[in-house]
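This briefing concerns the structure shown below.

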Amino acid sequence: LVEEIARIYGYDRLPTRRTALPASIPAESESGVALARLRSLLVDHGYYEAITYSFVSEALQSRLDPDHSALALANPLSSDMAVMRSSLWPGLVRAVMHNRNRQMARVRLFEAGLRFRGQIGDLAQTPVIAGVATGPAHDQHWDQPDRAVDFFDIKGDVEALLALAAPGRPCRFEPEKHPALHPGQSARVYLDDRPIGWLGALHPGQARALDLDVGVYLFELEQSAFQNRTLPAFEAISRYPAIRRDLAVVVAESVTAESVRLCIEEAAGEALQSVQLFDVYRGKGVSEGCKSIAMGLILQDYSRTLTDEEVDRIQQGVVRALAKTLDAELRE
């Protein structure tokens with residue numbers, strides 16, 4: 001109708017003016033890490049991005065995330081898409097099964113999306129990023145030995161992600177149990193003392209039930225952990241030489257290297273620049289149920305060269321703190 005009125009009135013008689021388009025560019029905080037950056041990093045580490053359905057099988061969902069009840073759909077398309085996913089793992093594991101059934105030996109996938117926990121009226125929709133890895137750690141090459149991907153491979157991938165969000169922020173991996181993960185190869189991820197995700201090996205019982213005859217390793221992190229990173233800031237470089245002291249202590253098998261590192265950092269004070277774990281030993285000379293952890297302490301001052309007496313005093317204080325806190329013994 002409007003077009004007919006304009007035609008009769010005459011297009012040449014209609015007033016013309018520029019369309020008003022106010023510029024409204026929202027501010028983007030520098031403290032946030034873009035999701036595209038996380039995707040690029042995982043692609044650089046050999047992962048492919050997957051996009052799976054938000055609807056999953058109730059049986060598979062209960063296997064991989066039994067601690068959370070899934071929201072059932074009123075009218076599902078099929079039994080394999082009957083509930084909303086409370087984790088991204090069901091879709092990724094199903095993708096692994098699909099690829100393994102088609103002779104794909106090496107599978108590395110990640111996905112960024114929402115997980116749904118709760119019921120209607122109290123449904124939490126949390127953006128997360130998750131990944132799965134199985135098969136050989138590297139593509140076949142004449143210069144590299146063949147080995148399967150392991151826990152520390154996927155832990156390294158998670159650490160690379162967290163390095164984007166947590167430079168200088170306390171981040172740690174605590175050995176905790178998850179019903180879908182191997183009890184001896186699972187860890188909960190903490191950032192600023194807040195749990196943000198899980199990583200570990202798929203439980204052998206779950207793997208057998210899903211006809212997966214290889215080790216499958218999973219991780220899942222909340223995307224909110226990447227929205228409040230510490231911005232890079234200038235730090236002066238000391239003109240004075242650094243001194244390294246290696247320290248090997250015998251601790252109980254249950255004591256983690258992370259707890260040893262934290263104890264050293266607290267006891268050594270400001271002179272400590274970094275702590276480097278370079279050896280873990282079990283065997284002859286170490287009591288049953290114990291292990292030897294060797295760490296290198298890098299000591300440096302910004303105003304002067306540290307003397308041997310000062311370094312010895314710091315080292316002795318560290319040894320006393322380890323003995324008091326972790327019941328550690330200096331290994332001769």
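Leu14 sits in the loop that runs between α1 (2-9) and α2 (35-44). In this predicted model, Leu14 counts as partly exposed because its relative accessibility is 36%. Together with Tyr9 and Tyr11, Leu14 makes a nonpolar surface patch of about 310 Å².

**Largest pocket**

- Two or more lining residues come from each of the elements α5 (151-165), β6 (171-174), β7 (181-191) and α7 (257-268).
- Sorted by class, the lining of the largest pocket comprises 13 nonpolar, nine charged and five polar residues.

**Second largest pocket**

- A volume of about 270 Å³ is found for the second largest pocket.
- This pocket has 19 lining residues, with His68, Arg115, Arg117, Arg188 and Trp198 lying nearest its centre.
- The strands β4 (107-117), β8 (194-202) and β9 (216-222) each contribute at least two residues to the lining of the second largest pocket.
- Of these contributions, the largest share is that of β8, with four residues.
- The lining of the second largest pocket contains eight charged, seven nonpolar and four polar residues.

- One cavity of 30 Å³ or more is present in the structure.
- The largest cavity has a volume of about 50 Å³.
- Residues lining the largest cavity include Pro136, Ala137, His138, Asp139 and Gln140, and also among them are His141, Gln144, Pro145, Asp146 and Arg147.
- The lining of the largest cavity is made up of four polar, three nonpolar and three charged residues.

**Salt bridges**

- The structure contains 23 salt bridges.
- One of them pairs the side chains of Glu222 and Arg115, at 3.3 Å from N to O.
- Glu222 belongs to strand β9 and Arg115 to strand β4, so this pair ties together parts of the chain that are 107 residues apart in sequence.
- Glu222 is buried because its relative accessible area is 15%, and Arg115 is likewise buried, at 10%.
- Arg115 is also one of the residues nearest the centre of the second largest pocket.
- A salt bridge links Asp150 to Arg147, with an N to O distance of 3.7 Å.
- Asp150 is partly exposed, with a relative accessible area of 27%, and Arg147 is partly exposed at 36% relative accessibility.
- Arg147 is also among the residues that line the largest cavity.
- In the salt bridge between Arg244 and Asp246, the closest N and O atoms are 2.7 Å apart.
- Both partners count as partly exposed: Arg244 has a relative accessibility of 41%, and Asp246 has one of 44%.
- Through shared partners, salt bridges join Arg115, Arg194, Glu220 and Glu222 into one network.

- Glu111 is located in strand β4.
- Glu111 counts as buried because its relative accessibility is 2%.
- The C-alpha atom of Glu111 is separated by 7.4 Å from that of Leu88, although these residues are 23 apart along the chain.

**Backbone geometry**

- Most residues other than glycine have a negative phi.
- Asp192, which is not a glycine, has a positive phi of about 55 degrees.
- Asp192 lies in the loop between β7 and β8, and it counts as partly exposed because its relative accessibility is 36%.
- Asp211 is another residue other than glycine with a positive phi, near 60 degrees.
- Asp211 occurs in the loop between α6 (204-209) and β9, and it counts as exposed because its relative accessibility is 68%.

Technical notes. Residues are numbered from 1 along each chain as its sequence is written. This is a predicted model: local features need pLDDT of at least 70, side-chain atom pairs count only at pLDDT 80 or more; totals for chains, interfaces and linings use all residues. Side-chain values use heavy atoms; hydrogens and water are left out. Ala, Val, Leu, Ile, Met, Phe, Trp, Tyr, Cys and Pro count as nonpolar, Asp, Glu, Lys and Arg as charged, and the others, Gly among them, as polar. On a 1 Å grid over the protein atoms alone, a cavity is a set of points where a 1.4 Å probe fits but cannot get out, and a pocket is an open set with protein on both sides within 12 Å along at least five of seven lines; lining residues have an atom within 4 Å of a point. Grid points are joined across faces, edges and corners, and a volume is the space filled by probe spheres set on the points. Patches are made of residues with over 30% relative accessible area and no salt bridge: like charges are joined within 9 Å, nonpolar side chains (Val, Leu, Ile, Met, Phe, Trp, Tyr) within 5 Å. Accessible areas come from the Shrake-Rupley method with a 1.4 Å probe; for residues, only the protein chains shown count as cover. A salt bridge is a side-chain nitrogen of Lys or Arg within 4 Å of a carboxyl oxygen of Asp or Glu. Buried means under 20% relative accessible area, exposed over 50%, partly exposed in between (1.4 Å probe, protein chains only).
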